[in-house]
Amino acid sequence: MELMKDYIEEAEKALLHTYNRYQIVFDKGEGVYLYDLNGKKYLDFCAGIAVFALGYKNEEYNQALKNQIDKIIHTSNYYYNVPAVEAAKKLVKVSGMDRVFFTNSGAEAVEGAIKAARKYAYLKDGNTDHEIIAMEHSFHGRTMGALSVTGNPKYREAFQPMIGNIRFASLNDFDSVLSKVNEKTCAIILETIQGEGGIHPVEKEFLSKVKALCEEKDILLILDEIQCGMGRSGAMFAWQKYGVKPDIMTTAKALGCGVPVGAFLMTEKVAANSLVAGDHGTTYGGNPLAAAAINKVLDLFEEKSIIENVNSVGTYLEKRLDELAEKYEMIETRRGMGLIQGLVFKVPVGEIIKKALDAGLVLINAGEKIIRFIPPLIITKEHVDQMIDILDSCLQ
Ligand SMILES: *Cc1c(COP(=O)(O)O)cnc(C)c1O
């Protein structure tokens with residue numbers, strides 16, 4: 001115990017205090033389990049915030065990274081590299097989009113998406129006052145552009161002014177979107193399933209209407225799949241479940257399964273009429289190491305039938321969570337899809353999460369009253385049972 005305390009004390013002296021962290025130092029992982037510095041074992045239903053889809057210490061993934069490290073880690077985007085070519089081809093194939101730009105994080109993917117949308121509109125009419133419609137309770141990242149479209153005023157307040165010309169509408173309320181549209185609107189951005197905002201899936205009818213509106217007015221639909229994408233919903237990207245294709249989409253989190261990567265992708269129509277050489281760039285984005293991670297992740301998703309597993313275990317997780325919701329008066333409802341689920345409580349969930357951690361179960365919240373379940377995508381029904389047993393005992 002002392003060892004963890006010492007590190008935590010040192011951390012609080014040296015690191016900028018921007019997180020209220022749980023008092024745990026994680027040391028290693030294996031499969032769906034994490035171990036802290038004292039060797040205590042935890043069942044992980046957080047997966048590094050929807051990142052570690054393949055579980056920890058995946059031998060094939062680790063070996064692919066080691067091989068790439070021994071070959072070359074970085075070259076810069078002045079040149080081509082083989083892993084990036086392979087990763088781009090694979091990502092284009094599974095997404096059904098046409099072109100990809102690799103970034104280092106989710107927020108950067110959102111930044112790129114915003115720039116592409118603004119450039120697209122600029123090339124049409126030469127104006128520089130285009131507007132973007134974003135959703136209340138959305139989360140798109142902490143950089144200035146991504147923050148500007150994040151529908152949480154508390155996150156934005158101290159950092160005003162934002163990038164400007166952003167209007168917020170209510171998710172699943174088409175009239176509210178319609179009331180914000182005008183001739184300056186260049187894009188509508190939303191998460192197919194809101195993550196941080198409390199696990200709110202978009203409704204099919206709403207998304208279809210937004211898509212039709214976008215097509216009618218040549219507004220670009222940007223779907224943020226950073227959290228709900230990469231198989232978690234039961235489709236590779238959640239929009240594929242709805243059959244509503246975006247003009248631009250973002251991905252990150254599980255895309256690299258632990259190596260910091262992201263991407264924004266677009267249709268050929270947008271690609272041919274937006275960003276050109278010199279418009280956008282990044283030193284690291286899509287470097288050989290990052291791209292090797294993406295390559296192996298996409299291969300393993302296919303080889304290990306990850307999406308099939310999400311669909312079968314996800315259905316089971318829903319059933320078990322519904323039972324808990326039925327059993328406890330303090331639980332209001334369950335929301336979600338596949339392996340991105342939320343239990344909505346009538347009370348703050350902070351204490352429950354702390355109890356779960358003590359009992360060896362890693363959970364996180366999504367807002368004050370919602371427990372979020374975003375486990376590695378390789379979990380089995382037995383892991384779900386284990387998780388439910390621990391959570392059940394904590395609720396008692
Ligand atoms: C996490 C997240 C982001 C930001 O990604 P970072 O890698 O933390 O910058 C953006 N959008 C959504 C939906 C997210 O969940």
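Student: With which residue does Glu215 form a salt bridge, and how far apart are the closest N and O atoms?

Tutor: Please keep in mind that this is a predicted model. A salt bridge is a side-chain nitrogen of Lys or Arg within 4 Å of a carboxyl oxygen of Asp or Glu. Glu215 meets that rule with Lys211, the closest N and O atoms being 3.8 Å apart. Both residues lie in helix α9 (residues 204–217), four residues apart, about one turn of the helix.

Student: Are Glu215 and Lys211 buried or exposed?

Tutor: Buried means under 20% relative accessible area, and exposed means over 50%. Glu215 has a relative accessible area of 58%, so this residue is exposed. Lys211 has 15% and is therefore buried.

Student: How many salt bridges does the rule give?

Tutor: The count comes to 19 salt bridges. One of them joins the side chains of Arg99 and Glu268, at 3.0 Å from N to O. Arg99 belongs to strand β4 (residues 99–103) and Glu268 to helix α11 (residues 268–271), so this pair ties together parts that are 169 residues apart in sequence. Arg99 is partly exposed, because its relative accessible area is 47%. Glu268 is likewise partly exposed, at 34%.

Student: Which residue forms a salt bridge with Asp279?

Tutor: The partner is Lys119, and the closest N and O atoms are 2.6 Å apart. Asp279 is in the loop between α11 and α12 (288–303), whereas Lys119 is in helix α5 (residues 106–125), so the pair ties together parts 160 residues apart in sequence. With a relative accessible area of 24%, Asp279 is partly exposed; Lys119, at 17%, counts as buried.

Student: Let us turn to the surface. Which residues gather in a patch of negative charge?

Tutor: A patch takes residues with over 30% relative accessible area and no salt bridge. Here, Glu2, Asp6, Glu9 and Glu10 make up a negatively charged patch on the surface. Among them, Asp6 is placed in helix α1 (residues 2–14). The relative accessible area of Asp6 is 38%, so the residue is partly exposed.

Student: Which residues form a nonpolar patch on the surface?

Tutor: Met144, Phe159 and Ile163 do so, and together they have about 260 Å² of accessible area. Ile163 sits in the loop between α7 (153–156) and β6 (166–169). Because its relative accessibility is 32%, Ile163 counts as partly exposed.

Student: Finally, how should I read a sheet? What is the order of the strands in the open sheet of four?

Tutor: Strands of a sheet pair through backbone hydrogen bonds, either parallel or antiparallel. In this case the order is β1-β2-β3-β15, and the pairing is mixed. The edge strands are β1 (26–30) and β15 (361–362), each of which pairs on one side only.

Student: In what sense do β1 and β2 pair, and over how many bridges?

Tutor: β1 and strand β2 (residues 33–36) pair in the antiparallel sense, over four bridges. Glu30 stands opposite Tyr33, which is in β2.

Notes. Residues numbered from 1 in each chain as written. Predicted model: local features only at pLDDT ≥ 70, side-chain atom pairs only at ≥ 80, totals over all residues. Heavy atoms only, no water. Patch = residues over 30% accessible without salt bridge, like charges linked within 9 Å, V, L, I, M, F, W, Y side chains within 5 Å. Areas by Shrake-Rupley, 256 points an atom, 1.4 Å probe, with all protein chains shown as cover. Helix = DSSP H or I, 4+ residues; strand = E, 2+ residues; numbered from the N terminus. Buried < 20%, exposed > 50% of the residue type's maximum accessible area, 1.4 Å probe, protein only. Lys, Arg positive; Asp, Glu negative; His and termini not counted. Charge placed at Lys NZ, Arg CZ, Asp CG, Glu CD. Pairing = 2+ DSSP bridges.
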